[in-house]
Amino acid sequence: MRLATLATGRGPRLHVRSEGGYVDLADASADPRLATMTGYLGYDDPARLASVVAEAAGGTAVDDARLGPAVPEPARILCIGVNYLEHAAEAGQIAKRWPEVFVRGAGSVVGPYDDLVLPALCDGFDYEGELGAVVGRGGRYIPADQALGALAGFVVLNDASARDWQSAGTQWTAGKNFDGTMPIGPELVTPDEVDVTNLELTTTLNGEVMQSANTSQMIVDVASCVEFLSSFTTLRPGDVIATGTPGGVGFARKPPVWLTPGDVVEVTVHGVGTIRNTVVKEAAAPDAWRWRPTNSQTITI
């Protein structure tokens with residue numbers, strides 16, 4: 001099953017993809033709870049839902065649909081850093097089986113074809129194509145062999161990063177949370193549709209392949225990511241897990257390749273979908289704004 005959030009005259013509405021296009025789930029089921037992804041994730045009548053999906057037909061043509069983020073306003077995005085050996089090597093880091101975790105907020109999320117916003121205060125904006133996992137029923141202490149049952153499905157995302165902000169401190173939060181820097185979509189694809197252990201991932205910049213890998217190359221696989229994260233926090237419906245980017249990122253290239261206005265970035269996870277975003281420059285920040293990585297300095301004690 002493939003679910004998408006479409007922009008409509010009634011606001012964002014959850015749709016299921018049928019052979020004829022996208023069908024509004026709430027209308028098809030006559031159940032207003034299914035108007036949103038949040039309602040779907042908490043739906044308590046799976047038999048009814050399965051019947052509605054099986055009977056879905058017609059709808060909005062895929063090419064005419066205006067898609068928003070597959071998971072609008074997630075409560076949190078739990079991100080796994082340095083999760084491919086090649087990326088660890090190019091970043092000059094030692095690959096570890098203990099996951100590196102940071103958190104993104106909903107303000108950074110945009111739709112699968114929306115503009116990707118180059119922050120005004122950033123001088124090193126980078127792409128990071130990734131597979132995203134969306135938590136369904138969630139829970140605490142979820143063993144790896146039960147992890148897929150806790151997930152609602154998978155999305156494509158770009159964990160675009162302000163590298164100068166990321167490297168100015170020892171924590172990554174600032175460089176990973178600028179507004180409008182994480183496209184998510186185009187659809188949520190349920191676990192029965194794909195083998196998440198063997199998915200090809202590619203990132204292109206203006207048509208040139210920059211990243212090419214397979215999810216089988218992850219240091220910590222998706223199921224183990226779920227197990228690890230649920231060790232310290234209760235995973236809740238709608239949480240998104242960004243599972244890490246492979247090698248080929250811009251900062252590690254010689255010379256570095258930074259995103260500039262007008263660039264087009266595409267991330268494809270085969271079997272899940274493709275997101276496509278044009279880079280646009282954020283409106284200028286105040287001239288006297290003091291918080292810029294180039295102004296950072298140490299304090300002598």
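This tour goes through one asparagine and then the aromatic pairs of a predicted model.

Begin by selecting N277, which sits in strand β17, spanning residues 273-281. With a relative accessibility of 1%, N277 falls under the 20% limit and therefore counts as buried. Show the polar atoms of its side chain next, and look for two backbone oxygens: that of D114 lies 2.7 Å from a polar atom of the N277 side chain, and that of G111 lies 3.3 Å from a polar atom of that side chain. If you then display what N277 touches, setting aside neighbours within four places in sequence, you will find G111, P112, Y113, D114 and L116, together with P183, D263, V264 and V265.

Move on to the aromatic rings, of which the structure holds four pairs. Select W98 and F228, an edge-to-face pair with 5.2 Å centre to centre and 85° between the planes. W98 belongs to the loop between α4 (85-90) and β5 (100-104), whereas F228 belongs to helix α6 (residues 222-232), so the pair ties together parts that are 130 residues apart in sequence. W98 counts as exposed because its relative accessibility is 63%, while F228, at 15%, is buried.

Now select W165 and F178, another edge-to-face pair, 5.3 Å centre to centre with 85° between the planes. Here helix α5 (residues 163-168) supplies W165 and the loop between α5 and β12 (182-189) supplies F178, so this pair ties together parts 13 residues apart in sequence. Both W165 and F178 are buried.

Key: Residues are numbered from 1 along each chain as its sequence is written. This is a predicted model: local features need pLDDT of at least 70, side-chain atom pairs count only at pLDDT 80 or more; totals for chains, interfaces and linings use all residues. Side-chain values use heavy atoms; hydrogens and water are left out. Helices (H or I, at least four residues) and strands (E, at least two) are DSSP runs, numbered from the N terminus. Buried means under 20% relative accessible area, exposed over 50%, partly exposed in between (1.4 Å probe, protein chains only). A polar contact is a pair of N or O atoms within 3.5 Å; within protein, one must be able to donate a hydrogen and the other to accept it, and residues adjacent in sequence count only if both atoms are side-chain atoms. Contact means heavy atoms within 4.5 Å. Rings of Phe, Tyr and Trp (its six-membered ring) pair if their centres lie within 6.5 Å; planes under 30 degrees apart count as stacked, over 60 as edge-to-face and the rest as tilted.
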